[in-house]
Amino acid sequence: MSEPALKRQKRVLSGVQPSGSLTIGNYVGALKQWAREQYNFESFFCVVDLHAVTVPYNPAELREKTREVAALYLACGIDPAVSTVFVQSHVPAHSELAWLLNCITPLGWLYRMTQFKDKAARQQADSVGTGLLDYPVLMAADILLYQADAVPVGDDQRQHLELTRDIAQRFNHLFGETFTIPEAMIPPAGARIKGLDNPLVKMSKSLTESEYHAVYLLDPPDRIKKKIMRAVTDSGREICFSDDPEKAGVNNLLEIYEAFTDQPRDAIEAHFAQARGYGDLKKEVAEVVIAALQPIQQRYRELTSEKGFIDELLAQGAERASAVAEATLRRARENMGFLMPPG
Ligand code: AQP
């Protein structure tokens with residue numbers, strides 16, 4: 001049976017891939033918003049492990065990172081008593097709905113995705129997996145299964161969200177009202193943090209060539225300071241927000257400061273007007289990042305010291321998520337004309 005859409009609380013669904021160590025980009029673009037919004041919505045947050053296998057990976061590391069990412073969700077403020085936290089592959093409905101949606105998604109829509117083009121370009125052309133191209137369809141399934149109204153993500157996921165909306169509209173048009181059409185929820189600050197080593201590219205957990213590219217949530221304070229003090233800037237002195245690619249490094253540091261302090265831009269520029277140079281800016285950015293990550297790291301250590309705690313929580317989360325996901329999947333299958341099994 002379909003859910004009574006008008007009666008239920010608005011929902012959010014989001015996830016992060018366990019494809020590396022979480023960065024401050026993942027934190028301000030996604031997790032920080034989730035922690036804030038969980039009280040305004042019925043919330044589902046999953047560790048999207050099926051997405052992490054769309055590029056070459058190490059199985060033992062995948063298992064370890066899946067637990068690590070789940071523990072970091074909680075350490076960053078996701079309350080499992082309020083939100084449902086689970087692992088994507090523990091709810092098989094994600095894979096099944098992805099198959100159904102594959103069959104109504106034109107290939108041309110997928111070839112246009114910039115993340116596919118970027119990630120495919122990092123591999124030998126003949127070893128790019130079909131899953132990498134199909135990734136946004138699985139992401140659409142993740143979102144549509146929970147009838148999510150909003151999806152809190154960083155700016156890089158905007159195009160995938162648009163595709164999810166297109167797929168949902170196409171399905172509803174072909175088979176009748178089945179899915180809620182979701183909106184992207186992009187944070188006002190920190191929506192696209194750039195690499196410290198190259199402020200022209202997005203900071204990514206899977207870009208590991210340079211040890212100075214990203215600050216990771218579990219980096220010790222001295223490493224964080226070292227990375228930020230070495231961030232690429234320019235040869236000028238002016239500390240202000242700017243779209244000029246020449247000033248991208250300073251702009252990125254200011255955006256990190258903005259995202260971590262929640263201060264308005266004019267107050268930040270006024271604050272740094274007296275700075276003696278970029279060294280002062282970097283020092284203060286390092287201080288606010290270290291101060292914000294310290295309690296997260298402390299909580300992470302507490303959560304992971306209790307053996308089995310995270311696994312138990314994920315089992316409960318999968319049960320709660322499955323109940324919602326199965327109901328939507330059943331409705332999608334019925335509407336598509338599949339003969340339903342008895343019961
Ligand atoms: N640099 C960033 N600034 C702001 N938000 C960001 N996000 C990622 N990087 C930044 C947001 O974090 C969530 C993570 O999503 P994901 O793990 O599914 O994949 P992604 O978007 O591709 O993130 P990464 O870190 O770049 O992962 P890899 O390297 O594995 O591809 C999303 O909400 C994203 O917007």
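**Entry 1: terms and model**

I take a pocket to be an open set of points on a 1 Å grid over the protein atoms alone, with protein on both sides within 12 Å along at least five of seven lines, where lining residues have an atom within 4 Å of a point. I note that the model is predicted, that local features need pLDDT of at least 70 and side-chain atom pairs pLDDT 80 or more, and that totals for chains, interfaces and linings use all residues. I number residues from 1 along each chain as its sequence is written, and side-chain values use heavy atoms, with hydrogens and water left out.

**Entry 2: the largest pocket**

I found 40 residues in the lining, and N26, Q115, D156, Q157 and K202 lie nearest the centre of the pocket. Two or more lining residues come from each of β1 (11-16), α1, α6, α7 (130-145) and β4 (150-152). Here helices (H or I, at least four residues) and strands (E, at least two) are DSSP runs, numbered from the N terminus. Helix α1 gives the most to this lining, with five residues.

**Entry 3: the shell around the ligand**

I searched for pairs of N or O atoms within 3.5 Å. A side-chain N or O atom of S206 is 2.4 Å from an oxygen atom of the ligand. On the backbone, an N or O atom of Q17 lies 2.9 Å from a ligand oxygen atom, and a polar atom of M203 is 2.9 Å from a ligand nitrogen atom. Taken alone, the ligand exposes 630 Å² (Shrake-Rupley method, 1.4 Å probe), of which the protein buries 98%.

**Entry 4: the second largest pocket**

I recorded a volume of about 410 Å³ for the second largest pocket. Its lining has 18 residues, of which S19, V55, P56, Y57 and S206 lie nearest its centre. Helix α3 (residues 59-75) gives the most to this lining, with three residues.

Definitions and conventions. Polar contact = N/O pair within 3.5 Å; in protein donor to acceptor, adjacent residues only side chain to side chain. 1 Å grid on protein atoms, 1.4 Å probe; cavity = no way out; pocket = protein on both sides within 12 Å on 5 of 7 lines; lining within 4 Å. Points joined across faces, edges and corners; volume = space filled by probe spheres on them.
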